Amino acid sequence: MKTFALLVALFAVASAEWIDIDWSQVRPIEEFDHYWARLPAELQVYRTKLPSHRIVNGQEATPGQFPYQIALLSNFPTGTGLCGGSVLTNNYILTAAHCVISGASTLALGGTAIIGAHNRDAAEPSQQRIAFSTAGIRAHPGYTLTNIRNDIAVVRLNSPITFTDRIQPARLPARSDTRQFGGFTGTVSGFGRTSDASQATSSVVMFTTNPVLTNADCIAQWNAVVIEPQNVCLSGAGGRSSCNGDSGGPLAVQDGGSLQIGVVSFGSAAGCAIGMPSVYARVSFFLDFIEANSDFVAAA
């Protein structure tokens, strides 16, 4: 028993070790080949004319404003990609499939989740940096290289998250909640780029708000081929939007507290500030997948 207790104590110390990040080796996920390979051929021209990769026309969050926000670093043979994500449980995080898959089905080689950060570059006492391995990645089986459907994944961390006042799980819709949330004010947050002219991503959490659209209103601006019931859209009015550097991050509304209704999936390849809606994986559509591949239990 003493030996077991000692092993548990040693594991707790090891899991709390600080993971140093060489940010010069980290790139937004949209700079990787596999990000563009999933898009139609007619959009490939925009690879050499990248739109702004940031929370567009947003503002800096206050520390702890989004306690479920994660900076997700996924390691691929070609480098480390930066995405967003959210805390699902103390063992699992929620993100986009394209953040953890390269090519048709090759999973990331592992990576690091940075949790509780306001400034991800700083050694903040609030931060927890926890590694994950390939074995912990569960991407939706319906996600494919050339398909932006089912763009959702859960990742099991190598050690549990410790919840604090700065780190809390996102609240997801109940199974009985069939609302589209059209007309609600949506808030999207992340660590994306802050300027078209800059190659640097934001070191601090940024956010912006806009109305959530009904799918009918979103289809009117996109089309019925692109937008399906599994998607939810945020208006691009005023040039305010999420953008590629924020992939995998949370879209939330206020409904008795923050409620995550979407996971950042894609936006217009012609630009993020042109007024087109940004598109998200609708969380309520994927509750079965989330429950089956994690220890999360949805409310009835």
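Student: First one: is D288 buried or exposed?
Tutor: D288 is exposed, with a relative accessible area of 52%. Keep in mind that this is a predicted model.

Student: Which residue does D288 form a salt bridge with?
Tutor: R175, and the closest N and O atoms are 2.8 Å apart. The two sit in distant parts of the chain, 113 residues apart: D288 belongs to helix 4, while R175 is in the loop between strand 11 and strand 12 (185-190). R175 is partly exposed, at 38% relative accessible area.

Student: What network is R175 part of?
Tutor: A network of salt bridges that links R175, D288 and E291.

Student: How many salt bridges are there by this rule?
Tutor: The count comes to 6. One of them joins D255 and R179, at 2.8 Å from N to O. That pair also links distant parts of the chain, with D255 in the loop between strand 15 (250-254) and strand 16 (258-266), R179 in the loop between strand 11 and strand 12, and 76 residues separating them. D255 is partly exposed at 26% relative accessibility, and R179 is partly exposed at 33%.

Student: And what does E228 form a salt bridge with?
Tutor: With R149, the closest N and O atoms being 3.0 Å apart. They are 79 residues apart in the chain: E228 lies in the loop between helix 3 (215-221) and strand 14 (231-234), R149 in the loop between strand 10 and strand 11. E228 counts as partly exposed at 30%, whereas R149 is buried, with a relative accessible area of 12%.

Student: Switching to the inside. Which residues touch the most other members of the largest nonpolar core?
Tutor: L72, I93, I115, L157, I161, L172 and I290, out of 55 residues in that core. Several elements give two or more residues to this core, including strand 4 (79-87), strand 8 (111-115) and helix 4 (287-292). Strand 3 supplies the largest share, 5 residues.

Student: What is I161 in contact with, leaving aside its neighbours within four places in sequence?
Tutor: Its contacts are V87, T89, N90, I93, I115, Q128, I130 and I167. Apart from this core lies another one of 11 residues, with F181, L251, V253 and I261 among them.

Student: Where does Q127 sit?
Tutor: Q127 is in the loop between strand 8 and strand 9. Its relative accessible area is 7%, so it is buried.

Student: Which backbone oxygens lie by polar atoms of the Q127 side chain?
Tutor: That of N119, at 2.9 Å, and that of A122, at 2.8 Å. Beyond four places in sequence, Q127 also has contacts that include W18, I114 and G116.

Student: Aromatics next. What kind of pair do F181 and F184 form?
Tutor: An edge-to-face one, 5.3 Å centre to centre with 80 degrees between the planes. F181 is buried at 3% relative accessibility, but F184 is partly exposed at 23%. F285 and F286 are edge-to-face too, at 5.0 Å and 70 degrees. There, F286 is buried at 2% and F285 is partly exposed at 44%.

Notes
Residues are numbered from 1 along each chain as its sequence is written. Side-chain values use heavy atoms; hydrogens and water are left out. A nonpolar core is a set of buried Ala, Val, Leu, Ile, Met, Phe, Trp, Tyr and Cys residues joined through side-chain atoms within 4.5 Å. Buried means under 20% relative accessible area, exposed over 50%, partly exposed in between (1.4 Å probe, protein chains only). Helices (H or I, at least four residues) and strands (E, at least two) are DSSP runs, numbered from the N terminus. Contact means heavy atoms within 4.5 Å. A polar contact is a pair of N or O atoms within 3.5 Å; within protein, one must be able to donate a hydrogen and the other to accept it, and residues adjacent in sequence count only if both atoms are side-chain atoms. Rings of Phe, Tyr and Trp (its six-membered ring) pair if their centres lie within 6.5 Å; planes under 30 degrees apart count as stacked, over 60 as edge-to-face and the rest as tilted. A salt bridge is a side-chain nitrogen of Lys or Arg within 4 Å of a carboxyl oxygen of Asp or Glu.
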